[in-house]
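Subject: Structure handover

Hello,

The structure is placed below, and my notes on it follow. Please read them with the coordinates open.

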Amino acid sequence: MGHHPFLPPLVIMGVSGTGKTVLGAQVAQALDRRFVDADDLHSAANKAKMASGVPLTDEDRAPWLDSVAVEAARTPAPVIACSALKRTYRDLLRASAPELVFIHLDGPREVIADHLARRDHEFMSPDLLDSQLATLEPLAAEEAHATVDVDRSIPEVLDAILDRVERLTP
């Protein structure tokens with residue numbers, strides 16, 4: 001696929017269990033871009049909170065989102081795995097990187113729950129899935145995005161993402 005000089009920053013978003021981290025890393029590799037896992041940018045306090053199954057507040061998330069926004073604005077444009085569930089979070093990221101495009105990984109709840117059940121995540125409790133699905137605010141027309149269904153194999157999802165990304169570039 002090679003290097004896209006005009007590629008916008010990409011945020012691979014969705015609730016936990018949609019494969020953001022795995023797919024984000026693969027997309028970055030395919031596009032020859034730096035990969036940033038937004039989870040890594042959380043403070044130790046936030047990670048401890050999530051590990052104990054306590055959802056973060058917007059106040060907890062504010063410094064973290066600022067860190068993600070800084071990454072999004074860097075050149076060359078990165079690929080970032082980030083849940084970005086709320087419109088306010090996405091607006092903050094877009095304010096920092098206006099050309100940013102969201103790739104929303106979406107699928108049936110039972111498929112995502114099954115993904116979560118089959119892995120041992122560093123700090124994500126499967127109980128948080130319902131709270132995440134409740135928090136997720138649908139992407140609006142004015143938010144540049146593509147939705148990709150995760151109800152298939154990782155290589156198929158990766159192909160679908162790269163196909164959508166191809167169509168973004170001039």
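A residue is called buried when its relative accessible area is under 20%, exposed when that area is over 50%, and partly exposed in between (1.4 Å probe, protein chains only). Helices (H or I, at least four residues) and strands (E, at least two) are DSSP runs, numbered from the N terminus.

This is a predicted model: local features need pLDDT of at least 70 and side-chain atom pairs count only at pLDDT 80 or more, while totals for chains, interfaces and linings use all residues. Numbering starts from 1 along each chain as its sequence is written, and side-chain values use heavy atoms, with hydrogens and water left out.

Strands

In strand S4 (residues 101-106), 5 of the 6 residues are buried, so the strand is largely enclosed by the rest of the structure. Two strands count as paired if DSSP finds at least two bridges between them. S4 runs parallel to strand S1 (residues 10-13), with 4 bridges joining the two. S4 also runs parallel to strand S5 (residues 145-149), joined to it by 5 bridges.

Helices

Helix H3 (residues 58-72) has 15 residues and spans 19 Å from its first C-alpha to its last, close to the expected 21 Å. The expected span is 1.5 Å times one less than the number of residues. H3 bends by about 30° at Trp-64, the bend being the angle between axes fitted to the seven residues ending there and the seven starting there. Trp-64 is also among the buried residues of H3, which include Asp-60, Arg-61 and Glu-71. The buried residues of H3 pack against strand S2 (35-37), helix H2 (44-51), strand S3 (79-81) and helix H4 (87-96), where contact means heavy atoms within 4.5 Å.

Helix H7 (residues 154-166) has 13 residues and reaches 18 Å, close to the 18 Å expected. Its buried residues are Val-157, Leu-158, Ala-160, Ile-161, Leu-162 and Val-165. They pack against S1, helix H1 (20-31), S4 and S5.

Salt bridges

A salt bridge here is a side-chain nitrogen of Lys or Arg within 4 Å of a carboxyl oxygen of Asp or Glu. The structure holds 11 of them.

Within helix H4, Arg-87 and Asp-91 lie 4 residues apart, about one turn of the helix. Their side chains meet in a salt bridge at 2.7 Å, N to O. Arg-87 is partly exposed at 23% relative accessible area, and Asp-91 is partly exposed at 31%. Both belong to a network of salt bridges that links Arg-87, Arg-90, Asp-91, Glu-142 and Glu-143.

Arg-109 forms a salt bridge with Asp-130, with the closest N and O atoms 2.7 Å apart. Arg-109 lies in helix H5 (residues 109-117) and Asp-130 in helix H6 (residues 128-135), so this pair ties together parts that are 21 residues apart in sequence. Arg-109 is partly exposed at 39%, and Asp-130 is partly exposed at 42%.

Arg-167 and Asp-163 meet through their side chains in a salt bridge at 2.5 Å, N to O. Arg-167 is exposed at 59% relative accessibility, whereas Asp-163 is partly exposed at 37%.

Regards
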